[in-house]
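Please open the structure in your viewer and keep the selection panel at hand.

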Number of protein chains: 2
Amino acid sequence: MSLSEKNLAFVMHCGEMGSRWGFNRTIGQMCGLLIITKEPMTANEIADSLSISRGNVSMGIKELQSWQLIKVHHKPGDRKEYYAPAGEIWDMANRVFEERKKREIDPTLSLLRDNLLDEASNDDELYAQKQMGEIHNLLETVTKWSSELQRLSPEQLNKLMKLGSGIGKVIDLKDKIFKKEQ
Amino acid sequence: MSLSEKNLAFVMHCGEMGSRWGFNRTIGQMCGLLIITKEPMTANEIADSLSISRGNVSMGIKELQSWQLIKVHHKPGDRKEYYAPAGEIWDMANRVFEERKKREIDPTLSLLRDNLLDEASNDDELYAQKQMGEIHNLLETVTKWSSELQRLSPEQLNKLMKLGSGIGKVIDLKDKIFKKEQ
DNA sequence: TTTAACTTTCAGTAAATTCAGAAAGTAATG
DNA sequence: CATTACTTTCTGAATTTACTGAAAGTTAAA
């Protein structure tokens with residue numbers, strides 16, 4: 001039961017992209033493999049499909065679980081664990097996004113907050129603080145905005161996404177309405 | 001002319017975050033350093049401030065230029081090149097965002113497009129294509145959306161960002177108005 | 001209990017990345 | 001054209017990261 005050429009190509013691509021997406025090659029491959037495979041897979045099947053060691057698969061599973069990207073299934077009368085994607089594509093993308101925010105933004109935000117609480121003690125520090133303030137604002141906005149998006153219902157989200165170039169108009173629209181209400 | 005303790009802490013933090021942000025430690029440090037330093041710096045000043053080799057700085061500059069994050073200044077009667085951030089924080093974040101989209105999304109999008117053009121030749125491939133289709137849609141949406149955001153005027157953008165939890169309401173609003181217009 | 005079926009951990013190795021410093025390149029000046 | 005002041009490229013060493021395969025751990029059934 002091995003992968004067709006096309007499917008293998010996709011899985012290998014996921015591997016190559018793996019590190020860009022925040023994990024490593026093997027984990028990217030595993031993730032891709034599980035996504036395009038209809039039936040949940042055992043660790044051994046994964047190892048065989050990708051020609052990697054069983055131990056490596058075990059570590060990969062752990063990592064994918066920490067990202068909440070896969071879940072475990074069991075079959076009656078079978079002790080093996082079967083792994084499958086934890087949700088729809090959209091959910092998984094969200095998870096990756098959230099996790100990356102945690103790693104790429106939150107630590108910096110916290111450093112900046114601390115720094116901005118201190119009084120600058122000379123001109124260099126003053127300028128630096130000004131710049132850090134800018135970064136801080138930007139990151140706060142991104143954070144707020146992303147949590148906002150996650151709060152929307154899938155339906156609303158869909159509408160928003162389909163809005164496309166209409167978004168500008170809607171902002172203007174909101175503006176007008178808001179003025180009227182004043 | 002060395003960094004104050006606080007500013008150094010920020011620069012080192014940028015280094016630690018560097019690889020998460022898509023470059024490496026040195027380049028992260030260089031980027032942070034240039035951002036909080038008011039005056040443009042020479043390659044040697046950068047090397048000294050960060051205690052790294054001159055060659056390393058040169059490679060870092062090249063990389064930062066490929067990201068369009070820094071620009072070169074010249075002083076009359078001085079052959080040295082002086083480096084400074086290429087724009088405001090917001091612009092730089094945009095550049096990073098764009099560049100990362102190019103590296104993290106575009107290649108996959110193109111692979112998926114190719115794959116989806118082919119006829120699936122069995123059940124496995126059919127299921128795989130269904131999943132790839134989902135990913136494709138998601139990535140297309142993200143792409144469209146991000147280019148949309150970049151097209152907005154800074155003013156509109158600001159309004160949009162400040163909208164926060166109001167975004168849901170505006171979508172519903174837009175919905176109502178649109179219905180009326182039907 | 002013991003065994004069998006499975007999973008996880010871990011030490012050592014392999015591979016990839018990062019970096020310093022030397023060598024080579026470039027261009028302005030005398 | 002030689003010198004000086006600079007920049008870039010490149011090599012191999014150091015560091016970091018990823019991976020294998022063996023050993024240890026776990027759990028269920030016999």
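The stops below concern a predicted model, beginning with the DNA strands and ending with the domains of chain A.

**DNA strand C.** Select DNA strand C and display the 21 residues around it. Those that come nearest are Gly55(A), Asn24(B), Thr26(B), Gly55(B) and Asn56(B). Next, colour the elements that give two or more residues to this surface: in chain A they are α3 (43–50) and α4 (54–66), and in chain B they are α2 (25–36) and α4 (54–66). Which element gives the most to the surface near DNA strand C? It is α4(A), with six residues. Coloured by class, the surface near DNA strand C shows 10 polar, seven charged and four nonpolar residues.

**DNA strand D.** Now select DNA strand D, which also has 21 residues around it. Here Asn24(A), Thr26(A), Gly55(A), Asn56(A) and Gly55(B) come nearest. Two or more residues each are given by α2 (25–36) and α4 of chain A, and by α3 (43–50) and α4 of chain B. The element that gives the most to the surface near DNA strand D is α4(B), with six residues. By class, the surface near DNA strand D holds seven charged, four nonpolar and 10 polar residues.

**The domains of chain A.** Finally, select residues 5–86 of chain A, assigned as domain 1, and then residues 90–181, assigned as domain 2. Their centres, taken over C-alpha atoms, are separated by 33 Å. Seven residues of domain 1 and five residues of domain 2 take part in the contact between them. On the side of domain 1 that touches domain 2, five residues are nonpolar, two are polar and none is charged.

Technical notes:
Residues numbered from 1 in each chain as written. Chains lettered and ligands numbered in written order. Predicted model: local features only at pLDDT ≥ 70, side-chain atom pairs only at ≥ 80, totals over all residues. Near = placed C-beta within 6 Å. Helix = DSSP H or I, 4+ residues; strand = E, 2+ residues; numbered from the N terminus. Nonpolar A, V, L, I, M, F, W, Y, C, P; charged D, E, K, R; others polar. Domains from an automatic or database assignment. Contact = placed C-beta atoms within 7 Å.
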